[in-house]
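Please read this briefing with the sequence and the model side by side. The points are grouped by topic.

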Amino acid sequence: MEVFVAIMVGALVTASVYLMLARNVLRFLFGLVLLSNAANLVIFAAGGLTPEAPPLIAPGANAPPEGVANALPQALVLTAIVIGFGLFAFALTLVYRGYQNLGTLDTDEMRLAEPVEAEKT
Amino acid sequence: MKSSLIVRAATRLLVGLLLLFSIWMLLRGHNEPGGGFIGGLIGSTGFILYAIAHGCRAAREALRLEPQTIAMVGLGVALAAGAFAAIPGDALFTGQWLFLWPSEGSKGVPLSNILVFDIGVYLVVLGSVLTLVLALEEEV
Amino acid sequence: MTSLWLLPLPIIVPFATAVLAFLFRRGAEGRWISVMGSAATLVLGVLLLMEVLANGPQAAQMGEWPAPFGITLVADTLSAVMVVITGITGLAVAIYAVADITEDMEEMGYHSLFQVLIAGVSGAFLTGDLFNLYVWFEVMLISSFGLLILGGKRVQFDAGIKYVTLNLISTILFLSGIGLLYGTTGTLNLADLSRIAPTVDPGLMTVISMMFMVGFGVKAAVFPLFFWLPASYHTPSFAVSAVFAGLLTKVGVYAMMRLFTLVFTQDIAFTHTILLWVACLTMVTGVLGAAAQTDFRRILSFHIVSQIGYMILGLALMTPLAVVGAVFYLVHHIIVKANLFLVAGVANRIAGGTELARIGSLYKGAPFLAFLFLVPAFSLAGFPPLSGFWAKYVLVKASMDIELWIVAFVALAVGLMTIYSMTKIWGQAFWKPHPGGIVPTLTSLEPGERMALLLPIVSLALMTVLIGLYPEPFVLVAERAAEELLDPAAYIAAVLGEEEILQ
């Protein structure tokens, strides 16, 4: 099971790197979303993946049965997803505002903060 | 932009249901699936639906407070709930329980600062989601 | 009881201040709430430091969940010192902001964003849990995003996009590293990690340590990951860039110092050699970048990069003296760098810009400001008797002690280059006549404004001189912090208790 998730993480990272190499900021951002999902899957897989064995404690017992997945990474993933959601919502708004203000999504043309020497004079 | 009659008619019914459902989710959250975060998301869905049907200005008026203010008040409530543990001398965010009218076989009505914390989370989520969504709605 | 609450309070107070400042953001109360809250944070930081110096590392378990299951807050000497410095910077910038921040920005919630940023920084310094550190990084990030684009100038959006995207990559790397580390060791509590790390496959740990090195490297702005910093730090308002310059990158350096002394010590020959190269290249590229710039704040931004190199150098050498140097440098740099950005703000206010070609005559019109610029500038370059001299001296001595002559030479040469770019600012902004023909003076500011702008600058400059003239107590504290970093037994005992119950 972990092997499949590992391959999936690899595929996600490949796709996200491909997207992030684009000049368009929006594509870059989509690449970033994929990358953050890959990171979440890494944490998820770190807790162990066991089909049909939920990490639940039966009534009356003190510990879950042997061989269940570790539940902590799942809680961590949840936190990471929530934080990621907030950050990307912000980043998307920023890119949109940036597009309105700068009139471009091409990173090569975003030179306002770092002007090229020749343009300055 | 005017939304369709069906959306507006359904909204009238749904908004109330969603808000009620969100509060129910908030209250059942301690031992069962639910809690402040989910509740806040559901509650904000209600207001977003209202904004889609009647426009953002109407939704802001229905909220009465600015969404940012709601989020910040929520943060304050959550902090206060955590800091409340100082009174019995426990560490920050330690759960404090009070059982009202205990009787044989039942512990009574449980009151805790955990619920207050969850209400704070509810407000933070409601406020921040609405801040983002309304700002985006108004612009696009 | 005392340490139970002294630890979380430097985080809670800024959050509470943020809430109050937001509710009162429409009036003048907001900014004074911010100043009062910052002062309270500073006082709490000092109390915490005194407690740590008296009784050794302190730990508090949040919600009374025992370590390593719950979130632990830990303060050893380094953390406590960093919290105090955060308080000092926070208070200085909060006072400065009274005059620097416009009412529009206040209404957008500047003060509460600023306080949330301070809370995030304090949280990152105090946490003893890796995932919690990630959360504090995000708190800092979110509020710094807001602060960076507050004001809404076009150039700020350009800078903001670069800052946000590159920092997001770093947090994602950090997060993946956390996942892998948890999968390998089964814990995220730093003290527990330090105990378990030697028992797992060292090769795997080295791979994971690389993820953290890159993730924190972006935050700390080391070579070759620093490009977001000079692209963005010169665009927001001056109060914001001062607090960014002082604190944000240093959180990355702190995280690196913490992890690479406490957890990733399996293969020091490999990891710390990489850090050594990174440190030297960071020093050189940063200072060369500064030499090529023509804007007051952009020169200073590149200096941040080059100075980060010195701190990483101290960590890379890993000798007791070198770590003392790194800690001392960290403290000195925050004070000096924040101060230089504050001076740039006043220069901008009275001379009408930061582009060096467009300003001048500052020495003629405002000799006091010129003096206030020289103190941190010389300190940054490492002139005696200022704080930077001792910081550089310790680091150079540490590298000569283990016969790394080239490293010592680079450290000294970079100091010389720093002076070169500082003289550029001096010659252009202070000596050269103003191209507009005006003579900028401090009296052109309103008295209240002048007070709020100059008070933090004067206090920070005094602190620089004080550290320079009486370095002994500061070096003693730095020595103690270094001892605790290199021998984390006390740290681990404070977190997990004397006997390790949970095997």
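How many salt bridges does the rule find across the interface of domain 1 of chain C and domain 2 of chain C? The rule finds zero, a salt bridge being a side-chain nitrogen of Lys or Arg within 4 Å of a carboxyl oxygen of Asp or Glu. This is a predicted model, in which local features need pLDDT of at least 70, side-chain atom pairs count only at pLDDT 80 or more, and totals for chains, interfaces and linings use all residues. Residues are numbered from 1 along each chain as its sequence is written, chains are lettered from A and ligands numbered from 1 in the order in which they are written, and side-chain values use heavy atoms, leaving out hydrogens and water.

**Two domains of chain C**

- Chain C is divided into domain 1 (1-262) and domain 2 (267-493), with bounds from an automatic or database domain assignment.
- The contact (heavy atoms within 4.5 Å) takes 56 residues from domain 1 of chain C and 55 residues from domain 2 of chain C.
- These two domains bury about 5000 Å² between them, 79% of it on carbon and sulfur atoms; buried area is the accessible area (1.4 Å probe) that two parts lose on being put together, summed over both.
- On the domain 1 side, Tyr96(C), Phe223(C) and Phe238(C) lose the most area to domain 2 of chain C, together 15% of what that side buries.

**Helix α1 of chain B**

- Ile23(B) is placed in helix α1 of chain B; helices (H or I, at least four residues) are DSSP runs, numbered from the N terminus.
- Ile23(B) counts as partly exposed because its relative accessibility is 41%, where buried means under 20%, exposed over 50% and partly exposed in between (1.4 Å probe, protein chains only).

Conventions. Helices (H or I, at least four residues) and strands (E, at least two) are DSSP runs, numbered from the N terminus.
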